[in-house]
Amino acid sequence: MKCPALIAFALWTSAAQAAPEDVRYYGPIEAATRLLVRGTTDIALFDPVLKLFAATQPDLRIDYEQWGSNDLYDLAVAGCSGKAEAADLLISSSVDQQVKLVNDGCAQSHRSAATAALPATSNWRDEVFGITQEPAVIVYNRALVPPQDAPLSRFGLIDLLRLEDGRYEGRVATYDIEQSGLGYLFAFADSQQATTFGSVIEAFSRTHAVTTCCSSEIIDGVASGKYLIAYNVLGSYALARAAKDSNIVVVAPSDYTLVLLRAAMIPKRAANAQTAGQLIDFLLSETGRQALSAEYLFLTPSQMDEEGVLGLEDGGSNLRPIPLSPVLLVGLDQQRRQHFIELWRSSFSDN
């Protein structure tokens, strides 16, 4: 068994060496108040939302750092222990990691009329809050996938990958769950939700499906024709691309569609918790949600229909939100996580 002190030292070292994928600043550099926000949301999507909030506070400077989910979590753990600078606000698509941070005492509470109005699935202990609604979707290239092959459910995708002509061999992509915290979250949720999980990963293994790091890379591959189909991609990124590329088709699987509630939390060592709370309240306000919706980050079932997402039935009864609750900690149990990753890795060992 590894020494906990050595594990902690390795984590702190990793966090210190990591760097954000991108950084952007809002408001006057010389502003009296600074808000450090770290998140996994691509700046391209989050930029209009932060600009709108910054405009409400003329003497505020916002530093937004875009991180990969696993690096963001490692840095948050280091910040919690005082080994790295803590952010004022963390926003992550890896909501299981956010719940773990709260469970480990790394968050502080925030209470307001906006947070009190949230359903129980979107507010745990007044310390972590669901600020978005984003479906996990199937994406395909309509120019290269004939209409009769359109994968509208997991059952349809499994049948498609049984075709003997090999047309989808090596042309289906999904997240690498070791690199992507979001990918791990979706894959583990699938394993808990569906009897189809074993058949899906068996089909992926047999057809040499590809795993890669991130939403943009997967969607770029579908758009270019490198991949024909992508599985369990975050719908906000897919819909943003579909708005610019008519060949991108976004499907909410008809058997069930996971819905991510991107999670925001204020770290316990935040230097500016008050303004962080104001940003949370803004994101939960009608103005904030309209701004998020414009970037496909907050989608109701009716909005998904309006955006042309296929597979929605009975007003969205197939949508299954991933709740912010201790249930998410099951997948992060060290032994269970290692076993799940080994199962996943073995399924893609020849790829």
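Is tyrosine 296 buried or exposed? Tyrosine 296 turns out to be buried, with a relative accessible area of 15%, because buried means under 20%. Keep in mind that you're looking at a predicted model.

Let's step back to the whole chain. The count comes to 14 helices and 15 strands. The radius of gyration is 20 Å, close to the 20 Å that the globule rule gives for 351 residues, so the chain is as compact as a globular protein of that length. If you draw a box around the C-alpha atoms along the principal axes, it is roughly 65 × 50 × 35 Å.

The chain exposes about 14900 Å², and 50% of that comes from carbon and sulfur atoms. Among contacts with a separation of 6 or more, 82% join residues 24 or more positions apart. As for charge, there are 27 positive and 41 negative side chains, and the centres of these two sets sit 4 Å apart.

Now for a backbone detail. Most residues other than glycine have a negative phi. Tyrosine 296 has a positive one even though it isn't a glycine, and so does aspartate 126. Here they are together:

| Residue | Phi | Loop between | Relative accessible area |
|---|---|---|---|
| Tyrosine 296 | about 65° | helix H12 (286-294) and helix H13 (301-306) | 15% |

Technical notes:
Residues are numbered from 1 along each chain as its sequence is written. This is a predicted model: local features need pLDDT of at least 70, side-chain atom pairs count only at pLDDT 80 or more; totals for chains, interfaces and linings use all residues. Side-chain values use heavy atoms; hydrogens and water are left out. Helices (H or I, at least four residues) and strands (E, at least two) are DSSP runs, numbered from the N terminus. The radius of gyration is taken over C-alpha atoms; the globule rule is 2.2 Å times the number of residues to the power 0.38. Contact means heavy atoms within 4.5 Å. Accessible areas come from the Shrake-Rupley method with a 1.4 Å probe; for residues, only the protein chains shown count as cover. Lys and Arg count as positive and Asp and Glu as negative; His and the chain ends are not counted. The place of a charge is taken as NZ of Lys, CZ of Arg, CG of Asp or CD of Glu. Buried means under 20% relative accessible area, exposed over 50%, partly exposed in between (1.4 Å probe, protein chains only).
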